[in-house]
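Student: Could you take me through the salt bridges in this model, slowly and with the residues named? I would also like to see how they sit beside the rest of the fold.

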Amino acid sequence: MNTPRTEIHDVLGIGFGPSNLALAIAVEEHNAAVPEDRRIRAAFLERQPRFGWHRGMLIDDATMQVSFLKDLVTMRNPTSDYSFLCYLREQGRLVDFLNAKTLFPLRIEFHDYFDWAAARVAHLVDYSTEVVSVEPVTGPDGEVHWFDVVSRDPDAPGNGTVVRRARNLCVAVGLEPHLPPGTVRSDRVWHTSELLPRVAELAERAERAETSTAVRRAVVLGAGQSAAEAVDYLHRSFPQAEVCAVFAKYGYTPADDSPFANRIFDPEAVDLYFQSPPAVKQALFDYHRSTNYSVVDQELIESLYATRYRERVQGRERLRMLNVSRIREVTELQDRLDVTVEFLPTGDREVLSADLLVHATGYRPRDLSTFLGDAAKLCLRDEADAVRVGRDHRAELAPGTTAGIYLQGGTEHTHGITSTLLSNTAVRAGEIFESLRSRQLSASRA
């Protein structure tokens with residue numbers, strides 16, 4: 001049973017992570033400053049029961065890799081009271097943070113900042129609401145003017161669905177964990193997105209059994225920041241266990257966070273990337289992969305190396321680096337995993353009996369068709385079958401469509417490496433808001 005909502009939204013956001021949170025704040029600030037007839041009618045749908053951003057990797061001492069000034073608002077509106085500094089002032093930690101002399105807050109603190117901001121715009125968000133389909137709606141002129149968004153809502157009568165109508169959608173559903181082909185998740189095989197709750201579960205299980213040997217050996221696959229953090233966290237969490245890092249490189253690659261390289265994250269760099277020919281886009285992406293992909297903070301690399309060296313000196317090596325290697329086979333038995341690791345230069349194979357295998361194998365964009373349904377068919381595609389997107393992050397749609405679909409993420413092919421990163425969150429939200437506002441004004445004058 002579908003329960004229709006009669007209000008027509010100017011924009012309906014699908015997903016409510018940092019990207020659509022930043023857009024909600026831009027809408028809220030605008031609406032507070034203009035008469036009612038000029039306000040943007042917005043709402044956001046989120047399938048999680050509350051705001052959450054990579055909760056499974058909120059390691060207690062992990063820090064952000066972007067400056068706190070690249071928060072939800074400052075790059076768009078430096079005077080906003082939704083900034084990280086305003087959050088610190090309200091929490092009574094502004095002076096303490098300044099005395100720490102850092103640009104990079106703890107990750108758990110920045111998540112709390114997001115949570116604080118999300119609570120202030122909670123009236124715009126419906127949580128525990130999963131979008132199941134999106135249907136284009138045509139007007140008397142035969143053109144698609146609206147989208148009907150069908151979702152499962154906790155307050156829907158009879159556990160049915162609710163239909164909301166919108167002139168525009170803003171899709172910000174984030175990325176989904178990527179696993180190697182054939183991988184089957186289980187109690188022993190995880191993705192790093194599950195790290196903290198899984199480790200807590202193991203610790204509780206060991207406590208109930210009154211044993212300190214919940215994990216004897218853990219294997220982590222991957223060479224990026226999440227992989228290195230998982231290796232370090234498991235090594236600290238299970239002081240009796242051996243932790244094996246498996247990766248195809250010779251060693252972890254340091255992240256390039258030098259000032260000139262970081263200009264790839266500047267708002268102006270998005271303009272240049274967008275207007276560049278495909279070959280130049282690919283070259284820029286390849287040149288600057290080391291700012292974000294399969295790289296690790298230098299400080300963490302040095303810490304792991306120091307740990308490994310100290311253990312060698314002491315004669316008890318719990319941290320093993322299986323470099324230039326790949327996992328070739330995983331066999332799950334009743335009481336363990338047998339993980340076959342091949343040393344690539346010689347082809348020699350070693351079978352590791354392990355309690356855990358953690359995949360730090362990254363994330364990938366979600367397929368639009370899985371939740372946009374028929375509406376996804378309106379998106380025009382380029383020669384590589386990627387969605388064509390305008391500079392204002394609005395997907396190019398089939399002729400006869402005046403309704404809009406904005407994309408926050410999944411646009412690396414058009415907008416560059418910052419598409420899925422926090423660096424340009426505030427700026428991107430501002431660009432989408434300005435596009436929505438200008439189209440609203442144009443429609444009102446027509």
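Tutor: The structure holds 34 salt bridges, where a salt bridge is a side-chain nitrogen of Lys or Arg within 4 Å of a carboxyl oxygen of Asp or Glu. Keep in mind that this is a predicted model, in which local features need pLDDT of at least 70, side-chain atom pairs count only at pLDDT 80 or more, and totals for chains, interfaces and linings use all residues. Residues are numbered from 1 along each chain as its sequence is written, and side-chain values use heavy atoms, with hydrogens and water left out.

Let's begin with Arg439 and Asp392, a salt bridge whose closest N and O atoms are 4.0 Å apart. Arg439 lies in helix 12, while Asp392 is in the loop between helix 10 (369-372) and strand 19, so the pair ties together parts that are 47 residues apart in sequence. Helices (H or I, at least four residues) and strands (E, at least two) are DSSP runs, numbered from the N terminus. Arg439 counts as partly exposed because its relative accessibility is 40%, and Asp392 is partly exposed too, at 23%. For these words, buried means under 20% relative accessible area, exposed over 50%, and partly exposed in between (1.4 Å probe, protein chains only).

Salt bridges that share partners also join Arg185, Asp187, Glu194 and Arg198 into one network. Glu194 counts as buried because its relative accessibility is 15%, whereas Arg185, at 39%, counts as partly exposed.

Now look at Asp338 and Arg336, a salt bridge with 3.0 Å between the closest N and O atoms. Asp338 is buried, with a relative accessible area of 16%, and Arg336 counts as partly exposed at 27%.

An open sheet of 5 strands runs in the order 4-3-2-8-19, with parallel pairing. Strand 4 (125-126) and strand 19 (404-407) stand at the edges with a single partner strand each, so one side of each has no neighbour in the sheet. Strand 8 (residues 168-171) pairs with strand 19 in the parallel sense over 4 bridges; two strands pair if DSSP finds at least two bridges between them. One of the contacts to find is Val171, whose bridge partner in strand 19 is Leu407.

Leaving aside neighbours within four places in sequence, the residues in contact with Leu72 (heavy atoms within 4.5 Å) include Leu21, Tyr113, Phe114, Thr425 and Ala426.
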